Amino acid sequence: MNRYLLALLVGLAWAPDLLAQVQYTTPKPRVDDVNDTDVSIQRVELTDQYTILYMKFQAAGSRRQIPDRTISSTIGFQPSSRLYVNQGERSYKFVRAENIPLETRRRVTPGESVDFVAYFERIDPGYTVFDLFECKDSYGYVCFNFWGVHIINPPRPPKDTYAKRSPRPPGPATPAPRPRSLPQSAPETKTPAPVTPAPVPASISITGITRNAKSRKPITATVSYQLISGAEAAGDDPADSVLSGSLTGKYQIPVDRRGVYAVTASAPGYFSQSDTLATNRINLTRDFDLVPIEAGATVTLRNIYFNVSKYDLKPESFPELNRLVTVMQDNPTMQIRLEGHTDTVGDFDANVELSRNRVNAVKRYLVSKGIAAGRIETVGYGPSRPINTNRSLKERPENRRVEMVVVTV
């Protein structure tokens, strides 16, 4: 039997009600960094009680070497593991694990694949990124530590406020006795009591302002949006758009179903900007500061994704790069420079080489879409140009980036 299926069946046998309680599922979550590339998170499920991580360990074909020590082919999971959100603002305890030992370690043969499941306390609604800290590397072990695991976890909806019922007018505890016979008279016409209408749920929306990033003045922009995932989405919803006001730059997107929306603001003469927003039952605000297309302008391509320590583009990067292709097609004389950056963790020369390979991968994609190679310069700076101190878990991903600089228009 497949090990992954076996682990799942064991978990359901231990707690048969978990399946009915799954609230949100994130398959193959995006991870900013990982300590051991032999282990991966296949799926994250959120129930009313647990944060459940379905994980896979793929043993290397041969023993891995690091300076001064050899990593033995054994695996285990520490009961002291924790999930952290917002740089340690909140932590969530480990509950149990399945198909992997806790107090001891089990041997795995080269090339063997092990599927296991780890249960933690439920992450509070609204936190969409967490870190998994299993342990500190010691005694020759490499810990299963992850940084920046992105999941679907919308905020908790606010409690509905219902209209208060009017108090019933006081009256006698028992009805007054009626006479045996009533005088003949016209039948009494009763006026029906007014009916209090049921409360209508308040409509929610995504609102914000589109501005010139340089002058900070409002601009008119087209704001397109699409529901891409969530409990009320099938993933095939068509895109729609609204126009922001010419004087105020304000826009409003009606939200009739909860989930994750992809939102993009674009305007002639500006680089477009996009974001993904998780909606529930509250209004969201997202302002877009669009960078003018002019010589010297610098734009961080935020939605460019690579595997850890790799330079192959992930498919999630294509929409962002396709928007850059459109800009370059609309501005046929524009030349750009792609600059690659990494964090300061690891060997300096290896990071420089990695940053150079990544921007070259972006260039190859643009060329494959018809952009002349002579219009694109590339340079890899590695960790030499950080934009922050690089000390915290939140800052490190910000330094791993691809920037685009306009050389000429």
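I began with Lys314, which, once its neighbours within four places in sequence are left aside, is in contact (heavy atoms within 4.5 Å) with Tyr305, Phe306 and Asn307. I noted that this is a predicted model, in which local features need pLDDT of at least 70 and side-chain atom pairs count only at pLDDT 80 or more, while totals for chains, interfaces and linings use all residues. Residues are numbered from 1 along each chain as its sequence is written, and side-chain values use heavy atoms, with hydrogens and water left out.

I placed Lys314 in the loop between β22 (298–300) and α3 (318–330), helices (H or I, at least four residues) and strands (E, at least two) being DSSP runs numbered from the N terminus. Lys314 is buried but has no salt bridge, and Glu316, the nearest side chain of opposite charge, is 4.7 Å away. Here buried means under 20% relative accessible area, exposed over 50% and partly exposed in between, with a 1.4 Å probe and protein chains only; a salt bridge is a side-chain nitrogen of Lys or Arg within 4 Å of a carboxyl oxygen of Asp or Glu.

I then turned to the pairs that do form, and found 19 salt bridges in the structure. One of them joins Asp289 to Arg211, with the closest N and O atoms 2.8 Å apart. Asp289 is in strand β21 (residues 288–290) and Arg211 in strand β14 (residues 204–212), so the pair ties together parts 78 residues apart in sequence. Asp289 is partly exposed at 21% relative accessibility, whereas Arg211 is buried at 17%. I also recorded one network, in which salt bridges that share partners join Asp33, Asp343, Arg396 and Arg400.

Definitions and conventions
Lys, Arg positive; Asp, Glu negative; His and termini not counted.
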